[in-house]
Structures are given as structure tokens and as C-alpha cells.
Amino acid sequence: MTRTVQNLADMTSRVALVVGGAGHVGGAAAQALMELGASVVIMDLDQEQCTRRAAALSAQTGQPAVDIACDLADEEATRAGVRAAIATWGRLDAVVHCAAYVGTTQVPGWVAPFAEQTVAAWDAALRVSLTSAFVIAQETAATLAASGHGVMVLVGSTYGIVGPDMRLYTDTSMGNPAGYGAAKGGLLQLGRYLATTLAPAVRVNLVSPGGIARGQPVVFQDRYVSRTPLGRMATEQDLKGAVAYLASDLSAYVTGQNLIVDGGWTTW
């Protein structure tokens with residue numbers, strides 16, 4: 001039977017876990033899935049932020065959302081949180097992993113010149129951004145396989161594909177820690193591994209955003225935009241279509257791919 005595009009996009013009765021769902025990108029991803037009809041579990045570090053985000057998204061979309069606070073740097077807490085998420089509705093059809101370490105726990109040596117970046121900050125980045133995705137994949141693989149529509153979407157970055165242009169950061173307080181790009185590059189390979197290992201029951205793809213405008217210094221934004229063919233930085237809303245495509249049956253024959261959403265920044 002031929003399915004319409006609307007039918008392929010419909011996620012009514014499906015359940016999605018959005019890891020990092022209280023954040024900027026995670027919130028947009030959760031909103032996209034809920035607009036397609038999915039029920040969503042918001043998982044993030046801060047309980048209050050998780051609760052607020054779940055309530056706001058439910059009010060906006062009319063779809064149910066629950067919240068589970070979890071420290072992704074803690075393996076056992078992560079496994080327990082995922083099991084609780086699965087138990088909420090007794091099933092799981094999609095996982096979107098948006099979480100990334102951004103130095104919020106104040107580990108020294110994060111945004112610093114390369115010679116001053118610390119192993120502690122490097123380890124923290126890999127634990128939150130990469131290792132947690134590995135753990136969550138282990139915990140959700142069987143449930144996703146049982147879904148009949150099981151899918152994982154990992155959120156990478158252009159800095160998992162290309163090296164940073166440090167000239168963008170000159171005369172600003174911003175930086176580009178080595179651990180961030182290394183973790184995002186690792187997600188690319190983890191995604192390829194899972195796409196082959198979990199096939200054919202589970203599809204695994206990545207979305208890799210470019211720079212997202214969030215009040216960075218004007219000089220940084222001007223430099224970034226000058227390198228971007230579409231002439232602007234991204235917004236979180238620019239990622240909703242990519243997540244909706246990869247999490248729904250619109251992409252039913254797509255796995256192991258990396259959808260770059262960067263306004264053409266990596267095309268040069």
C-alpha cells in the first residue's frame with residue numbers, strides 16, 4: 001500500500017526519549033517529535049529544567065511529556081534513567097541524543113588555550129557527549145528493535161567533521177576545546193557502528209548542526225556568517241525538520257548517514 005507523506009511523518013502512538021531535552025537543541029527536537037504526535041520523555045541533568053521543559057512542550061503541542069533527571073556522566077544513573085523512561089509507557093520507538101558537555105560543571109581547563117586544556121575536562125566531554133550515547137544505545141537496543149520503527153538519532157556537530165578555524169575566536173572570550181570536537185567525531189563513528197550492528201531492526205543516523213546563534217559576540221557572529229553560504233547562523237528551529245525526517249518513517253530506508261545542517265559552512 002502506498003503511504004502518503006503525511007502518513008510517513010505521523011508518529012502518533014510512538015514514544016521518544018530525548019536525551020539533553022532540556023537544552024536548546026534538545027527542546028527543539030522534542031517539540032518536533034511531539035508535533036508529529038509522539039509522546040516524549042525529557043532526560044537531562046537538572047530536574048527543575050526538565051520539569052519546566054516537559055510542561056511547556058505539553059502545553060504547546062497537546063502531547064504528553066514526562067521528565068527524568070539524570071547525570072549522564074554516571075553510567076549507572078544513566079542506565080537506571082533509561083530503564084525508567086522505557087517503563088513510563090512500556091515501549092520506546094525513538095531515541096534522540098542531543099546531550100553534550102559544554103563546561104557547565106566548571107571542570108577547569110575547558111575553554112582554554114590548547115596547552116592549558118586538562119585531561120579532566122577532556123574526560124568529562126567524552127563521558128557526557130560520547131560514552132552516554134554508547135550506554136544509552138546498549139540499554140535501548142532491544143526495546144527499539146521490538147518497536148518495528150526503532151530509530152536512534154545522534155546529534156553531532158560540524159566540529160566532528162572539520163577542524164576549528166581558531167581565527168573566529170580572536171579577541172573574544174570564546175574557545176573551541178579539543179574534547180568537544182573529539183567527542184562529536186566519535187559520535188560519527190559510533191553511529192556508523194550502530195547502524196550496521198543494530199540493523200535491520202533499528203536505524204541509526206546523525207544530525208550535525210553548524211554554529212547556532214545564541215548571543216555570541218558580534219565580531220564572532222560576523223566572522224562566522226562571512227563563511228556561511230546561506231548568510232546567517234543557525235537557529236534551533238532549523239534542526240526540527242532534520243530530526244523529524246530521521247526519527248519518522250520519512251527516512252525508513254536511511255541508516256548510517258550524517259545529515260549536515262550548517263547553511264553550507266562545510267561546503268567550501
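**A buried serine and its helix**

Modeller: Let's begin with Ser129, which sits in helix 5 (helices are DSSP runs of H or I with at least four residues, strands are runs of E with at least two, numbered from the N terminus). This is a predicted model, where local features need pLDDT of at least 70, side-chain atom pairs count only at pLDDT 80 or more, and totals for chains, interfaces and linings use all residues. Residues are numbered from 1 along each chain as its sequence is written, and side-chain values use heavy atoms, with hydrogens and water left out.

Biologist: Is Ser129 buried or exposed?

Modeller: Go by relative accessible area with a 1.4 Å probe, protein chains only: under 20% is buried, over 50% is exposed, and in between is partly exposed. Ser129 comes in at 2%, so the label is buried.

Biologist: Which residue has its backbone nitrogen 2.9 Å from a polar atom of the Ser129 side chain?

Modeller: We call it a polar contact when two N or O atoms are within 3.5 Å; within protein, one must be able to donate a hydrogen and the other to accept it, and residues adjacent in sequence count only if both atoms are side-chain atoms. At 2.9 Å from the side chain of Ser129, the backbone nitrogen belongs to Tyr101.

Biologist: Where does helix 5 bend?

Modeller: A bend is the angle between axes fitted to the seven residues ending at a residue and the seven starting there. The bend itself is about 50 degrees, and it is at Thr140.

**Pockets**

Biologist: What is the volume of the largest pocket?

Modeller: On a 1 Å grid over the protein atoms alone, a pocket is an open set of points where a 1.4 Å probe fits, with protein on both sides within 12 Å along at least five of seven lines; lining residues have an atom within 4 Å of a point. Points are joined across faces, edges and corners, and the volume is the space filled by probe spheres set on them. For the largest pocket, that is about 1,400 Å³.

Biologist: Which helix gives the largest share of its lining?

Modeller: There are 47 lining residues, with Tyr101 and Arg214 among those nearest the centre. Helices 2, 5, 6 and 7 each give two or more. The largest share is three residues, from helix 2.

Biologist: How many charged residues line the second largest pocket?

Modeller: This pocket has a volume of about 210 Å³, and 16 residues line it. Eleven are nonpolar and five are polar, and the number of charged ones is none (Ala, Val, Leu, Ile, Met, Phe, Trp, Tyr, Cys and Pro count as nonpolar, Asp, Glu, Lys and Arg as charged, and the others, Gly among them, as polar).

**Backbone details**

Biologist: Which residue does a cis peptide bond join to Ala199?

Modeller: Look in the loop between helix 6 and strand 6. Omega is about 0 degrees there, and the partner of Ala199 is Pro200.

Biologist: What is the relative accessible area of Asp171?

Modeller: Asp171 lies in the loop between strand 5 and helix 6, with a positive phi near 65 degrees. Asp171 counts as exposed, because its relative accessible area is 73%.
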